[in-house]
Amino acid sequence: MHLVMIGGSDAGISAALRARELDPGADVTVVVADAYPNFSICGIPYYVSGEVTHWRNLAHRTIGDLESAGMRLRLDTTARRIDVPARKLLITSAGGGEEVLGYDRLIVGTGAVPVRPPIRGLAGPGALGPGDGVHLLHSMGDTFAVMQTLEQAAPASAVIVGAGYIGLEMADALTVRGLAVTQMEQLPEVLPTVDEELGALVHAELAARGVEVLTGTTVQAVTRAQAGQPGRLHVQATAADGTAVTRTTDMVLVVVGVRPDTALAAEAGATLGVKGAIAVDRRMRTSLQDVFAAGDCVITHHRLLGETYLPLGTTAHKQGRVAGENAAGGNREFAGSLGTQVVKIFDQAAARTGLRDHEAAPAGFDPATIESEADDHKAYYPGSHRIHMRITGDRTTGRLLGLQLFGHRHSEIAKRIDIAAAAIFNDMTVDAVSNLDLSYTPPLGSPWEAVQMGAQAWVRAIQPR
Ligand SMILES: Cc1cc2nc3c(=O)[nH]c(=O)nc-3n(C[C@H](O)[C@H](O)[C@H](O)COP(=O)(O)OP(=O)(O)OC[C@H]3O[C@@H](n4cnc5c(N)ncnc54)[C@H](O)[C@@H]3O)c2cc1C
């Protein structure tokens, strides 16, 4: 049995590891377009900030580790065409020559590519690029280009286009490096994956750290600055009221989201689904015979919404593992995502799982969201912080639908969101969250855990007895 994975990131490597774990005799080849298999691209901001001191430290596993796990790596090798009836993959190898690889089962893990928004200067003839200090950020190659700008051009300032979680992590990273950062976001508040009430708290943290945050601001053009201007790039934008906003800067980072990289599978005839991602069933099978797919290139089964597109590393690992298991002859289903995520912004963290009101209502729920606050541990023990919570539940059934959190980075925000993720995963009501037997000691928690206090606030407001 020859299994071939296309893509050497979270999905492709997870698939290869699982297949080898289940069938140590399986012949596993991983085709990777670059030379950086199994790198944690989620860690890029912390290499840029200097907290991770060498890019090699971002590797989840070394090439040696992967090879000893039994996979054959074809690095700097690009998959060009899938011949489904013949079960053959056309590749261009590192030396530039074409080669055909036969397979019994194929797993596509081509991931996503960063969106290039319609900003004048970013596309077309004469488009600005890394050599001008204008960057997109997704791969290790993009990271090396960013580092080259930082180390060789020594920029004093940067404009970040986009204030999603990667934009925020990069605002943090570049500020830590000493750059003066301006963040431009066309939506009314930063971190649009949480409600504006919590986004405003993230905004305040950015502002307190010296980041100039311009929300409701749509970037129109990036051009080379004229001689004598204080930066080498000129950014033109429009505020929500139509006013022109301009900044000169040394570096521009465009981080406005990703789109699934599906060209290879689509050309082979794979059915596409939500947002143009590859359609897969819960066993991660595509519409093509013996071709599986996983990660940022595929649709995501959401436990409350059905089919969505939710590109996240945590999901890519799980889907890849399922695809690898099934390709090796197993029969596992991807259990589904809840969109659980967390981001650190300087000394604060924001997290969410499940649904917010505007997502829950169209899905047939009757949502109500209640905001509350609680201490992360007993306030009499030094160092306690307030946690801000927004709990969403269904008024009719009492079912817990979602939780959003904002609090200090040492307030266990990530693990606290996971309490709610586990509860939603198991269809619990908001009320039942109070029944969970959770740990307590004053320096680390309270007899009623903060998330349970939030659940009780929801029940008091929505289901008073
Ligand atoms: C800066 C940053 C921070 C992030 N932080 C987080 C986080 O904190 N938490 C989280 O959950 N997620 C995070 N993510 C998202 C997460 O990294 C992705 O969801 C995850 O990497 C997706 O994995 P993947 O394997 O599907 O695809 P990708 O990581 O996109 O990898 C695709 C792979 O396919 C290869 N490839 C593509 N086309 C071909 C071809 N034709 N032939 C051969 N190889 C090919 C590429 O070289 C690459 O190896 C972050 C992403 C970025 C960029």
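Visitor: What should I know about the numbers before we start?

Guide: Since this is a predicted model, local features need pLDDT of at least 70 and side-chain atom pairs count only at pLDDT 80 or more, while totals for chains, interfaces and linings use all residues. Residues are numbered from 1 along each chain as its sequence is written, and side-chain values use heavy atoms, with hydrogens and water left out.

Visitor: What makes E7 and E18 a pair?

Guide: Two strands pair if DSSP finds at least two bridges between them. E7 (residues 105-108) and E18 are joined by three bridges, so they pass, and they run parallel. Leu106 stands opposite Val291 in E18. As for the names, helices (H or I, at least four residues) and strands (E, at least two) are DSSP runs, numbered from the N terminus.

Visitor: What is the strand order in the open sheet, and why are E3 and E18 called edges?

Guide: The five strands go E3-E2-E1-E7-E18, with parallel pairing. E3 (71-74) and E18 (291-293) each have a single partner strand, so one side of each lacks a neighbour in the sheet. From one strand to the next, the twist averages 20°.

Visitor: How do you know that H8 packs on the sheet?

Guide: Contact means heavy atoms within 4.5 Å, and H8 (residues 313-327) touches strand E1 (2-6), E7 and E18. The direction of H8 makes about 175° with that of E7; axes are lines fitted to C-alpha atoms, for helices over the stretch in contact, and angles run from 0 to 180 degrees between N-to-C directions. The buried residues of H8, including Thr315, Val322 and Ala327, pack against E1, helix H1 (10-22), E7, E18 and strand E19 (300-302).

Visitor: Why is Asn38 called buried?

Guide: Buried means under 20% relative accessible area, exposed over 50%, partly exposed in between (1.4 Å probe, protein chains only). Asn38 has 2% relative accessibility, so it counts as buried. Asn38 lies in the loop between strand E2 (27-31) and helix H2 (44-48), and has a positive phi of about 60° although it is not a glycine.
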